[in-house]
Amino acid sequence: STRLYYGDYYRYEGNWPRGQWVYAGTGWYSGNAYGGTPYTGTVYAYETRLHATQRAACAVVDALLEKNNNPDGITDLFEITVVKFANQTATGNYNGTETIIKDSTSATAIKNAINALTSGGGTNWEAALNLALTEANYFKNTDPSRSTDPEEITSVIFLTDGFPTYYVNNNGSQGGTGGESADNIATSYTEARPSARNIVSAGFNLYNIFAFGSDTTNCGSII
C-alpha cells in the first residue's frame with residue numbers, strides 16, 4: 001500500500017541548486033510535499049463501526065419520514081421510536097439499552113439523538129430485540145385503531161454494527177464474554193433468535209441491517 005498525504009505539494013524547477021520549488025497543487029500525494037508525486041486514484045476514507053451505523057440509521061430515518069410529505073397531508077404516516085443497545089451489566093441493568101426517542105416524526109430530533117450516541121461495551125442483540133418488542137406493543141396498544149386497522153403497520157428495523165457478544169440468562173443476569181470468538185458469537189446469536197421470533201409472532205415486521213461489513217449468516221437468518 002502507498003501512504004498518502006493531503007495538502008500543498010511542490011515541484012523543483014531549474015538545475016540544482018539554482019532552481020526553485022514551485023507550488024504544484026493541493027490534493028493527495030505520496031512521498032513528501034517537496035517532490036512528492038500527485039495521486040489521482042481512489043482514496044478510501046476510514047470510518048468507524050459506530051459512524052457507519054449512524055449514517056445508515058439516519059438514511060433510514062430520512063427515507064421513511066420523507067413519506068410524511070404526501071399529497072394527502074398525512075404528517076404522521078410514519079412515526080419512529082429509537083432503541084439503543086450495548087451490553088448488560090452484572091447487576092442486571094442493561095448498559096445503554098434504552099429507548100431514546102419515542103413515536104417521533106421529527107427527522108432532526110431523531111438524527112440528533114442517533115448522532116449523539118457513543119460506542120462501548122459488547123453487543124446484546126437479545127436485550128435490544130426484547131425492548132423493541134416492548135416498544136412495538138406499547139405503540140400498538142396506545143391507540144385501539146392500531147390493533148384493528150389493517151393499514152396500521154408496526155415494523156422493527158434491527159440495525160447493528162457488531163456481532164452478538166452478550167445475552168440474557170434465564171435469571172436475568174449477564175451471559176456471554178463480550179468477545180468475538182466463534183463460540184461466543186454462536187451462543188449469543190442462538191439466545192437472541194427466540195426474541196426475534198417473538199416480534200414476528202406478535203404480528204410485527206422485522207427487518208435486519210448489518211451496517212458494517214457483511215453478516216448475512218446471522219442477520220439474514222435470525223428468525
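Predicted model: local features only at pLDDT ≥ 70, side-chain atom pairs only at ≥ 80, totals over all residues.
Visitor: How many salt bridges does a search of the whole structure find?

Guide: Side chains of opposite charge can pair when their charged atoms come close. In this structure the search finds four salt bridges, and one of them joins the side chains of Arg49 and Glu180, at 3.2 Å from N to O. Arg49 lies in helix H1 and Glu180 in the loop between strand E10 (174-175) and helix H5 (182-201), so the pair ties together parts that are 131 residues apart in sequence. Arg49 is partly exposed, with a relative accessible area of 33%, and Glu180 is partly exposed, with 42%.

Visitor: Which side chain meets Lys102 in a salt bridge?

Guide: That of Glu135 does, at 2.6 Å from N to O. Lys102 belongs to strand E7 and Glu135 to helix H3 (residues 125-141), so far as the chain is concerned 33 residues apart. Within this pair, Lys102 counts as partly exposed at 40% relative accessibility, whereas Glu135 counts as buried at 11%.

Visitor: Turning to helix H2, which of its residues are buried?

Guide: In helix H2, which spans residues 107-115, the buried residues are Ile110, Ala113 and Ile114. They cover an arc of only 100° around the axis, which puts them on the same side of H2. The face turned away from that buried side carries the exposed residues Thr108 and Asn112.

Visitor: What do the buried residues of H2 pack against?

Guide: They pack against helix H1 (49-65), strand E4 (80-84) and strand E7 (98-104).

Visitor: Which residues is Val60 in contact with, leaving aside its neighbours within four places in sequence?

Guide: Val60, whose place is in helix H1, is in contact with Ile157 and Ile209 once those neighbours are left aside. The C-alpha atoms of Val60 and Ile157 are separated by 9.1 Å, although the two residues are 97 residues apart along the chain. At 21% relative accessibility, Val60 counts as partly exposed.

Conventions:
Residues numbered from 1 in each chain as written. Heavy atoms only, no water. Buried < 20%, exposed > 50% of the residue type's maximum accessible area, 1.4 Å probe, protein only. Helix = DSSP H or I, 4+ residues; strand = E, 2+ residues; numbered from the N terminus. Arc of directions from axis to C-beta. Contact = heavy atoms within 4.5 Å.
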